[in-house]
Amino acid sequence: MQQQIKDYHSIIEFLLGPVRKRPGLYLGGTEISLLPNFIIGFQVGYEMARPDTSLQENRFADFLGWYEKTHDVRKASFWKSYFLDEANQDETIALTIFFDRLEEYFIEMKNAAPIH
């Protein structure tokens, strides 16, 4: 039986799908500190494998800007600290909060998309 591989056009879709469902498999653990390198690797790999396409839709940087604005946080030296602060420095809870906030952003952007 052959499995189908979904073609993700957005890092956000990929994070909210299989990564959220099985973070240990993709990140090697359930700590938010493992996420930044994974995201960078995913983006680089995607761009190298598909130079004619782009992950511009629902970019991760747009999510961070949205988070800063909607949660009235001060710019931090690194974005994972936003979620660690919210989780009282608990790495696993911070990862769960990250996925929850990312889903909020994704739903909001999806609902705001113009209908053609």
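**Close-up views of buried rings and helix contacts**

**View 1. Trp-79 counts as buried, at 11% relative accessibility.** Buried means under 20% relative accessible area, exposed means over 50%, and partly exposed lies in between; the probe is 1.4 Å and only protein chains count. Phe-83 is also buried, with a relative accessible area of 0%. The model is predicted: local features need pLDDT of at least 70, side-chain atom pairs count only at pLDDT 80 or more, and totals for chains, interfaces and linings use all residues. Residues are numbered from 1 along each chain as its sequence is written, and side-chain values use heavy atoms, leaving out hydrogens and water.

**View 2. Aromatic rings come in pairs, 22 of them in the structure.** The ring centres of Phe-63 and Tyr-67 are 6.4 Å apart and the planes meet at 55°, so this pair is tilted. Rings of Phe, Tyr and Trp (its six-membered ring) pair if their centres lie within 6.5 Å; planes under 30 degrees apart are stacked, over 60 edge-to-face, and the rest tilted. Phe-63 and Tyr-67 sit four residues apart in helix α4, and are therefore separated by about one helical turn. Helices (H or I, at least four residues) and strands (E, at least two) are DSSP runs, numbered from the N terminus. Phe-63 is buried at 0% relative accessible area. Tyr-67 is buried too, at 2%. Trp-79 and Phe-83 make an edge-to-face pair, with 6.3 Å between centres and 75° between planes.

**View 3. One aromatic cluster includes Phe-63, Tyr-67, Trp-79 and Phe-83.**

**View 4. Helix α4 (residues 60–70) packs on helix α6 (residues 91–112).** The angle is about 100° and the axes are 10 Å apart. Axes are lines fitted to C-alpha atoms, for helices over the stretch in contact, and angles run from 0 to 180 degrees between N-to-C directions. The two helices are therefore roughly perpendicular (65 to 115 degrees; under 35 is roughly parallel, over 145 roughly antiparallel, the rest oblique). From α4, Phe-60, Asp-62, Phe-63, Trp-66 and Tyr-67 meet residues of α6 that include Phe-98, Arg-101 and Tyr-105. By class, this contact has eight nonpolar, no polar and four charged residues.

**View 5. Glu-68 lies in helix α4.** Glu-68 counts as buried, at 16% relative accessibility. Leaving aside residues up to four places away in sequence, Glu-68 touches Val-73, Lys-75 and Tyr-82 (contact: heavy atoms within 4.5 Å).

How values were computed. Ala, Val, Leu, Ile, Met, Phe, Trp, Tyr, Cys and Pro count as nonpolar, Asp, Glu, Lys and Arg as charged, and the others, Gly among them, as polar.
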